[in-house]
Amino acid sequence: MRIRNFARTRQFVVIAAGLLLVSGCGHAEKKQARTAGHQLAAGAKARTAPRPQQPPAERKINCDQLKCVALTFDDGPGPYTNGLLDVLKKEGVRATFFLIGENVHSFPAEVRREVMEGHEVGDHSWNHPQLTAMSLPAVKAQIQRTQDAITKASGGIKPTIMRPPYGATNKRVGQTIGMPLILWSVDTEDWRYLNTARDTRVGIKEPQAGGIILFHDIHKPSVKAIPAVIAGLKKRGFTFVTVSELFQNRQLKPGQTYSELMPQKTASPAPVTASPPPSGSPAGPAPTKSGARPQQAEGH
Ligand SMILES: [Zn+2]
């Protein structure tokens with residue numbers, strides 16, 4: 001039902017949304033260009049490599065109108081993160097990284113680069129325990145220690161979203177974490193197969209509008225799949241957004257879990273007597289979307 005409404009709305013607003021997107025990006029680029037110019041002058045004077053001091057501005061992207069998808073990478077940073085960042089930069093794609101505190105400690109430069117290149121960073125605990133099996137003070141320590149490490153490595157950015165390891169959470173854990181809990185709608189299971197061809201196939205085929213795709217940038221085959229995944233999803237008409245951009249028009253609640261962008265509820269629902277649009281018409285039923293997935297699994 002919601003898919004059909006969404007498809008119907010989308011065809012009327014896609015052009016306006018496209019214009020909005022273009023103007024939003026232009027603004028960000030202008031701002032970046034100004035910043036870069038500034039730094040060039042400062043760098044020439046100081047004879048040191050210029051380094052951006054502020055992340056680029058958040059973009060205004062209306063994912064209720066555009067076909068958005070959020071690429072997310074868990075468990076890093078690691079030795080392949082820089083290569084992934086090169087790809088994302090080349091493709092103009094912003095992603096979200098759910099970071100392990102221990103790895104932030106080992107790869108702080110990668111965290112800073114993620115932030116400065118417009119990606120979002122989220123908390124994924126200090127060392128990946130199952131939080132539902134821990135005492136609440138221990139849960140709190142897992143989160144706080146990671147928040148502190150990310151803030152230090154990134155030069156002042158404090159994550160506002162969290163992804164519990166294995167997707168394992170409950171009411172008490174959620175309350176203790178005190179941030180919105182971001183799960184996923186597409187589990188590529190890249191960690192299980194470690195197979196670039198499979199990662200590519202799943203990563204292109206499965207996402208739906210508003211989806212959140214789960215990859216791991218600590219695995220080389222996963223990172224190798226990303227150029228083809230991006231190309232395939234671009235071909236399918238997707239706009240790549242960070243998690244916070246995806247939920248820009250929503251008020252996310254601390255302790256609640258979110259796996260995808262759900263279409264906004266309309267103020268006046270269609271009358272029950274309305275006849276359905278003809279099958280096969282643009283407003284006709286969209287392909288069936290698989291239901292909610294079990295959120296607890298190995299390896300996330
Ligand atoms: Zn994980």
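Of the 60 residues in the largest nonpolar core of this predicted model, C68 and I213 touch the most other members. Such a core is a set of buried Ala, Val, Leu, Ile, Met, Phe, Trp, Tyr and Cys residues joined through C-beta atoms within 7 Å. Here, buried means that 20 or more other C-beta atoms lie within 10 Å of a residue's own, exposed means 12 or fewer, and partly exposed falls in between, with C-beta atoms placed from the backbone. Helix α9 (residues 220-235) supplies the largest share of this core, 6 residues; helices (H or I, at least four residues) and strands (E, at least two) are DSSP runs, numbered from the N terminus. In soluble globular proteins, nonpolar side chains tend to be buried together.

Residues are numbered from 1 along each chain as its sequence is written. As the model is predicted, local features need pLDDT of at least 70 and side-chain atom pairs count only at pLDDT 80 or more, while totals for chains, interfaces and linings use all residues.

All 6 of the 6 residues of β6 (residues 211-216) are buried, so the strand is largely enclosed by the rest of the structure. In a regular strand the side chains alternate between the two faces of the sheet. Both faces of β6 are covered, with G211, I213 and F215 buried on one side and I212, L214 and H216 on the other. Strands count as paired if DSSP finds at least two bridges between them. Strand β1 (residues 68-74) runs parallel to β6 and is joined to it by 6 bridges, with V69 partnering G211. Strand β5 (residues 186-187) also pairs with β6 in the parallel sense, over 2 bridges, and D187 stands opposite L214. Leaving aside residues up to four places away in sequence, I213 touches V69, A70, L71, T72, W184, V186, T188, G203 and P207, contact being C-beta atoms, placed from the backbone, within 7 Å.

Turning to the helices, α5 (136-154) has 19 residues and reaches 27 Å from its first C-alpha to its last, close to the 27 Å expected at 1.5 Å a residue, that is, 1.5 Å times one less than its number of residues. Its buried residues include V139, Q142, I143 and T146. Seen down the axis of α5, the buried residues fall within an arc of 130°, so they line one face of the helix; the arc is that of the directions from the helix axis to the C-beta atoms. They pack against β2, α3, α4, β3 and α6 (171-177).

Note on methods:
Contact = placed C-beta atoms within 7 Å.
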